[in-house]
Amino acid sequence: MPFSEFIDYLSVEKNYSRHTIHAYSRDLEEFQQFIISEYEQEDLLMINYSQIRSWIVSLSERNISNRSINRKLSSLKAFYKFQLKTGNLEYSPMAKHKALKTSRKIQVPFSQDEVVEVMELLEEDSFSGLRDRFLIELLYSTGMRRAELINLKLANLDLTAEIIKVLGKRNKERYIPLLKSLTPSAQKYLDARKEVENSQSDGYLFLTEKGAKIYESLVYRIINSYFSKVSGKLKKSPHILRHSFATHLLNQGANLNAVKELLGHSSLAATQIYTHNSIAELSKIHEAAHPRNNKN
């Protein structure tokens, strides 16, 4: 069955990003292929929960994590919720479904020393070197998401006012203040950018050496490459740099609500996951400094 009405709903009414919409479409198509293969049935409106359960089992047998399975089922749940809303269904086959149990993912941030070491490694003798320095400094000093960074336009950056406009999830705009220390690397990159920009550039801030818009895997490779030289942590990604931004701010006593606004979170609960590392840091300081602590 076509999913066009549901996809239009996600795009127009829910204002989801292209990446999110693609994920929903992929999950629904995968489920439909399973139903066709196993039950010779195409109409997803005629599905019962036992068929959904069999899909869950098949996913699990392929060693797909519970976290990934839950995400796929979330797409399915949203699809059937839409069908209820439009009157195509009277009862959702997902009504009694409970999410699979998952272990809590521990995100280990980079230390402040590791970030400093990376900054010292960055060279400024080429376009890519100037770009990488500004990119890493911008990610670490603003905490923006990788997708937000990729979609930045030149017009979003105002060095005079020391502010940058970011388009976040569901096209929600927010303004993030820039540190004064960012200006030199920003200006050097902007000067170098003029030499590579062309018809492909389309006003985007971060470009490849060929003048095209930068892309997700390249941003990941940049972060992973530099931080692999200074950190033995298992995960070295743009998200960990965002995580480090939030953790370091909280360790320095930043207000949780302020960090929430900087990160572009819609609820405080999403920001509170970063307080675990902050509390651990406070605990170390407390233990080392309190007079009642027995020191050998």
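1. Packing of α2 against α3. In this predicted model, α2 and α3 are roughly perpendicular to each other. Their packing angle is about 105°, and 11 Å separates the two axes. On the α2 side the residues that meet α3 are Asp27, Glu30, Phe31, Phe34, Ile35 and Tyr39. Their counterparts in α3 are Ser50, Gln51, Ile52, Ser54, Trp55, Ser58 and Leu59. Sorted by class, this contact comprises seven nonpolar, four polar and two charged residues.

2. Phenylalanine 34 within that contact. Phenylalanine 34 belongs to helix α2 and is one of the residues by which α2 meets α3. With a relative accessibility of 14%, phenylalanine 34 counts as buried, because the cut-off for that class is under 20%. When neighbours within four places in sequence are set aside, phenylalanine 34 is in contact with Tyr39, Gln51, Ser54, Trp55 and Ser58. Methionine 94, by contrast, stands 60 residues from phenylalanine 34 in sequence, and their C-alpha atoms are 17 Å apart in space.

3. Packing of α2 against α4. The angle between α2 and α4 is about 90°, and their axes lie 9 Å apart. This angle makes α2 roughly perpendicular to α4, since values from 65 to 115 degrees are classed in that way. The contact of α2 with α4 divides into eight nonpolar, two polar and five charged residues. From α2 it draws on Ala23, Tyr24, Arg26, Asp27, Leu28, Glu30 and Phe31. From α4 it draws on Arg71, Lys72, Ser74, Ser75, Leu76, Ala78, Phe79 and Tyr80. Asp27, Glu30 and Phe31 of α2 are listed in the contact with α4 and also in the contact with α3.

4. Helix α4 and its surroundings. Helix α4 covers residues 66-85, 20 residues in total. From first C-alpha to last it reaches 28 Å, close to the 28 Å expected at 1.5 Å a residue. The buried residues of α4 are Ile69, Asn70, Lys72, Leu73, Ser75, Leu76, Phe79, Tyr80, Phe82 and Gln83. Their cover includes α1 (4-13), α2 (18-39) and α3 (49-61). Glycine 87 follows α4 and has a positive phi, near 80°.

5. Glutamate 40 lies in the loop between α2 and α3 and counts as exposed, at 75% relative accessibility. Between glutamate 40 and lysine 169 there are 129 residues of sequence separation and 38 Å of C-alpha to C-alpha distance.

6. Most residues other than glycine have a negative phi. Asparagine 63 is not a glycine, yet its phi is positive, about 65°. Asparagine 63 sits in the loop between α3 and α4 and is exposed, with a relative accessible area of 72%. Aspartate 202, likewise not a glycine, has a positive phi of about 55°. Aspartate 202 is placed in the loop between α8 (183-196) and α9 (216-228).

7. Glutamine 200 in the loop between α8 and α9. The loop between α8 and α9 also holds glutamine 200, which counts as partly exposed at 49% relative accessibility. Not counting residues up to four places away in sequence, glutamine 200 touches Lys210, Gly211, Ala212 and Lys213. Lysine 213 is 13 residues from glutamine 200 along the chain, and the two C-alpha atoms are separated by 7.3 Å.

8. The protein as a whole. The protein has 13 helices and three strands. Along the principal axes, its C-alpha atoms fill a box of roughly 65 × 60 × 30 Å. Of the 296 residues in the protein, 44% are buried. Where contacts join residues at least 6 apart in sequence, 58% of them link residues at least 24 apart.

Conventions. Residues numbered from 1 in each chain as written. Predicted model: local features only at pLDDT ≥ 70, side-chain atom pairs only at ≥ 80, totals over all residues. Heavy atoms only, no water. Helix = DSSP H or I, 4+ residues; strand = E, 2+ residues; numbered from the N terminus. Expected span 1.5 Å × (residues − 1). Buried < 20%, exposed > 50% of the residue type's maximum accessible area, 1.4 Å probe, protein only. Contact = heavy atoms within 4.5 Å. Axes fitted to C-alpha atoms, helices over the stretch in contact; angles between N-to-C directions. Parallel < 35°, antiparallel > 145°, perpendicular 65-115°, else oblique. Nonpolar A, V, L, I, M, F, W, Y, C, P; charged D, E, K, R; others polar.
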